[in-house]
Amino acid sequence: MSNVFDPTAQGASQMVGIGDYYVRINSAKLDSTKTGTKLILVGFKIIEEGDFKGETVFDRFFLTEKSLKRLGTFCIAAGIGTFDLEDSQEIRDTFVGKTLKIKVIHENYDKNGETRVSAKPEPWNGFMKLSASEREEYPASEASDGADEPGEAAGDDDDDDDLPF
């Protein structure tokens, strides 16, 4: 082991700042919470030049009647058509590579009595469809770029997961 420490070599990253970002979906998978609620975990990799290029922001879409409108809003912005909510491979194949713009917010959450902050897409107005010129500048791709996969889904009391959502 070397005495020189490089935090970027350890997979360390900075929290994405509040703002609007062009992103490409780099991961999507069907999962469920400890209580059995199904959800889709999605990773959004920032693809525009700037301080946060290459960083990934995660979100999850619960598959409940109450939450399907939010999933629909996201899918329309990303150009995602119909897909089978029970087929993880189809979800991945349908989502990964799509580009859109997201509005990132910071959200406080409690984990084991400690207040933490996370960066995530704004829940209801945070997904924006790209214009024709934006689609030319930030085209969708067919395959994942091998970036981060979201961690296991967890209930709010899961100590093994630092994702706040």
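This is a predicted model: local features need pLDDT of at least 70, side-chain atom pairs count only at pLDDT 80 or more; totals for chains, interfaces and linings use all residues.

Me: Start with the overall layout: what order do the helices and strands come in?

Reply: There are three helices and six strands, and along the sequence they run β-β-β-α-α-β-β-β-α.

Me: How do you know what the side chain of Thr94 has a polar contact with?

Reply: The cut-off for such a pair of N or O atoms is 3.5 Å. The side chain of Thr94 gets to the backbone oxygen of Glu90 at 2.6 Å, so the pair is within the cut-off. Leaving out residues up to four places away in sequence, Thr94 also touches Ile80 and Phe83.

Me: Thr94 sits in helix α2, residues 88-95. What makes you say that the buried residues of α2 line one face?

Reply: The buried ones are Ile91, Thr94 and Phe95. Looking down the axis of α2, they fall within an arc of 85 degrees, so they line one face of the helix.

Me: Why do you call Asp87 a cap on α2?

Reply: A side-chain oxygen of Asp87 lies 3.1 Å from the backbone nitrogen of Gln89, at the N-terminal end of α2. With the cut-off at 3.5 Å, that pair counts as a polar contact. Just after α2, Gly97 has a positive phi of about 100 degrees.

Me: What makes β1 largely enclosed?

Reply: Of its 14 residues, 11 are buried, so the rest of the structure largely encloses β1.

Me: How do you know that β1 pairs with β2 and with β4?

Reply: Pairing takes at least two bridges. β1 and β2 have nine, in the antiparallel sense, and β1 and β4 have six, also antiparallel. Both pairs therefore pass. As examples, Ala28 stands opposite Val42 in β2, while Asp20 has Lys103 in β4 as its bridge partner. In the hairpin of β1 and β2, five residues lie between the strands, and Gly36 there takes a positive phi near 95 degrees.

Me: Which residues touch the most other members of the largest nonpolar core?

Reply: Among its 29 residues, those are Ile25, Ile40, Val42, Phe44, Phe74, Phe95 and Leu100. The elements giving two or more residues to this core are β1, β2, β3, α1, α2 and β4. Ile25 has contacts beyond four places in sequence that include Val42, Phe44, Phe74, Phe95 and Leu100.

Me: Last one: what makes you say that Glu122 contacts residues such as Lys103?

Reply: Contact means heavy atoms within 4.5 Å, and Glu122 meets that with Lys103, Ile105 and Phe127, neighbours within four places aside. Glu122 lies in the loop between β5 and β6, and its side chain reaches the backbone nitrogen of Asn125 at 2.4 Å.

Note on methods. Residues are numbered from 1 along each chain as its sequence is written. Side-chain values use heavy atoms; hydrogens and water are left out. Helices (H or I, at least four residues) and strands (E, at least two) are DSSP runs, numbered from the N terminus. A polar contact is a pair of N or O atoms within 3.5 Å; within protein, one must be able to donate a hydrogen and the other to accept it, and residues adjacent in sequence count only if both atoms are side-chain atoms. A nonpolar core is a set of buried Ala, Val, Leu, Ile, Met, Phe, Trp, Tyr and Cys residues joined through side-chain atoms within 4.5 Å. Buried means under 20% relative accessible area, exposed over 50%, partly exposed in between (1.4 Å probe, protein chains only). The arc is that of the directions from the helix axis to the C-beta atoms.
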